[in-house]
Amino acid sequence: MASLGFSVGSGNSCLLPRAAVSDHSIPNSGRDGFNPLKKGGTSRKRLTSTNVASPPLPAIAAPHLPPSKESDDRRSHVAWTSVQQERWEGELHVQGQIPLWLKGTYLRNGPGLWHIEDYNFRHLFDGYAMLAKLHFENSRLIAGHRQIESDAYKAAMKSKKLCYREFSEVPKPDNFLSYIGELANLFSGASLTDNANTGVVQLGDGRVVCLTETQKGSIVIDPDTLDTIGKFEYTDSLGGLIHSAHPIVTETEFLTLLPDLINPGYLVVRMEPGTNERKVIGRVDCRQGPAPGWVHSFPMTEHYIIVPEMPLRYCAGNLLRAEPTPLYKFEWHPESKAYMHAMCKASGKIVASVEVPLFVTFHFINAYEEKDEDGRVTALIADCCEHNADTTILDKLRIQNLRSYTGEEDVLPDARVGRFRIPFDGSAYGELDAALDPNEHGKGMDMCSINPAFLGKKYRYAYACGAERPCNFPNTLTKIDLVEKKAKNWYEEGAVPSEPFFVARPGATEEDDGVVISMISEKNGGGYALVLDGTTFEEIARAKFPYGLPYGLHGCWVPKK
């Protein structure tokens with residue numbers, strides 16, 4: 001891995017490395033010499049460096065983290081390798097042209113450190129949180145990263161050992177009494193991690209919060225410096241230990257779900273900007289099962305909140321285990337069936353509760369209301385990245401599985417854009433089908449974003465990560481057209497792209513008028529920021545990092561003030 005203290009120079013104009021955009025046939029894209037700006041399959045454009053009027057900013061570097069002793073570290077992809085430095089910042093040399101209207105900061109959260117001394121973490125979701133930023137202004141790009149200073153991270157750095165329960169990791173007790181104490185701390189929540197390594201959101205009042213599945217893992221950060229400011233403390237008395245890792249956040253509200261592990265169900269809560277107090281909208285009782293289904297995310301429409309009840313359910317027994325099961329904190333209960341519940345946002349009343357085919361999803365994409373010619377709501381439509389009810393996706397994300405992949409076997413489980421239909425006619429059953437042929441995106445589908453102006457409304461486009469087979473992880477960026485039922489795919493051999501994040505052009509009237517931002521980890525150990533045109537899905541700019549970043553999860557856009 002290149003030194004993280006590298007200072008970015010001006011460089012010379014050059015052609016972009018080869019990549020490809022195709023309408024839907026991924027298999028041969030990226031291998032036929034296509035230039036990413038080629039249109040209509042014929043023309044080629046030479047990209048030149050952005051003209052920077054003032055000199056680049058100096059790079060800022062911090063001391064290196066403890067040396068990596070990860071197994072297979074030299075052979076593994078940089079996407080699955082711990083970052084070697086706690087903090088870095090500097091200006092990147094841009095190839096292509098960043099639109100002048102793009103002014104603000106893209107923040108991306110995710111795991112960045114998967115070891116403590118000689119001990120290697122098991123799972124992708126265990127890694128200590130690392131926040132990365134891309135600050136766009138005047139067609140220039142300043143990048144940086146920094147570890148989030150959670151209590152779990154600070155304790156591990158000080159004691160050189162695991163001190164809190166992570167996704168698959170449990171601290172090793174020194175003796176029987178410490179084991180009993182650790183169990184007591186589990187029930188009180190004291191031993192649960194605050195490692196906020198999943199998402200990052202900007203609240204309506206401007207505060208920026210990093211999140212994970214545990215409520216205590218809500219941490220306020222400075223979006224400019226990436227400094228950890230402190231815990232986001234909820235001031236209500238709702239209690240509970242966990243919540244949805246993906247709240248729905250708008251300028252006017254913060255919505256989330258609080259699973260009830262004692263009396264299986266979910267509290268649906270709202271928090272207004274400027275407060276830390278959540279207020280209950282309503283409650284959904286689980287239809288079946290020993291515990292509520294995992295709710296990593298959930299969708300909403302303009303007037304309804306949709307609560308999914310997945311048969312992949314929380315499991316208290318697995319929480320107590322010292323060694324993880326293949327499903328970690330969960331159990332698969334197909335006999336308990338699957339349900340979708342619709343709650344009125346205004347009244348908190350359940351207006352529909354239907355059984356649906358079994359499903360497994362981490363991420364919902366969007367939802368909207370289906371209406372008749374008189375404007376009455378007849379059904380809700382909810383789209384998600386659905387894994388064909390295959391729970392093996394969780395164990396495929398073990399770090400060792402990701403690091404040891406040779407590129408020869410096709411081991412990524414199939415996925416699709418799953419479309420639920422929740423009828424409002426009193427029916428007992430809803431529907432779940434593929435919104436388009438999964439072959440359009442290589443039967444891979446996860447890490448999605450949309451134009452936020454269409455949140456909860458009928459929409460046409462979604463951006464996500466798809467697959468070029470064979471692979472072990474989503475390795476393309478894909479633009480889904482839900483009207484034409486087609487996909488355009490970006491692919492570069494050996495690259496691992498993170499979530500494609502859509503930023504709308506100010507004043508835009510078309511849904512896909514904007515850009516898509518992603519961070520790419522390269523097979524040669526490098527990495528770069530990528531900007532695609534939201535409409536054509538063609539590359540318009542990239543900027544290489546002076547080092548390779550680990551894979552990240554979810555991001556948000558913080559507009560320039």
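Colleague: Is Lys-486 buried, partly exposed or exposed?
Modeller: In this predicted model, Lys-486 is partly exposed, because its relative accessible area is 41%.

Colleague: Which residue forms a salt bridge with Lys-486?
Modeller: Glu-440 does, and the closest N and O atoms of the pair are 3.7 Å apart.

Colleague: What about Glu-522, which residue does its side chain meet in a salt bridge?
Modeller: The side chain of Glu-522 meets that of Lys-544, at 2.8 Å from N to O. This pair links distant parts of the chain, 22 residues apart, with Glu-522 in the loop between S34 and S35 and Lys-544 in strand S36. Glu-522 counts as buried because its relative accessibility is 10%, whereas Lys-544, at 38%, counts as partly exposed.

Colleague: Changing topic, how much space lies in the largest pocket?
Modeller: The largest pocket holds about 1500 Å³ of space. It is lined by 45 residues, and those closest to its centre are Val-249, Thr-250, Pro-452, Leu-455 and Phe-501.

Colleague: Which element gives the largest share of that lining?
Modeller: Strand S24 does, with five residues. By type, the lining of the largest pocket divides into 26 nonpolar, 14 polar and five charged residues.

Colleague: Lastly, where does His-145 lie?
Modeller: His-145 lies in strand S10. Its side chain reaches the backbone oxygen of Gln-85 at 2.7 Å, and His-145 counts as buried at 1% relative accessibility.

Technical notes:
Residues numbered from 1 in each chain as written. Predicted model: local features only at pLDDT ≥ 70, side-chain atom pairs only at ≥ 80, totals over all residues. Heavy atoms only, no water. Helix = DSSP H or I, 4+ residues; strand = E, 2+ residues; numbered from the N terminus. Buried < 20%, exposed > 50% of the residue type's maximum accessible area, 1.4 Å probe, protein only. Polar contact = N/O pair within 3.5 Å; in protein donor to acceptor, adjacent residues only side chain to side chain. 1 Å grid on protein atoms, 1.4 Å probe; cavity = no way out; pocket = protein on both sides within 12 Å on 5 of 7 lines; lining within 4 Å. Points joined across faces, edges and corners; volume = space filled by probe spheres on them. Nonpolar A, V, L, I, M, F, W, Y, C, P; charged D, E, K, R; others polar. Salt bridge = Lys/Arg side-chain N within 4 Å of Asp/Glu carboxyl O.
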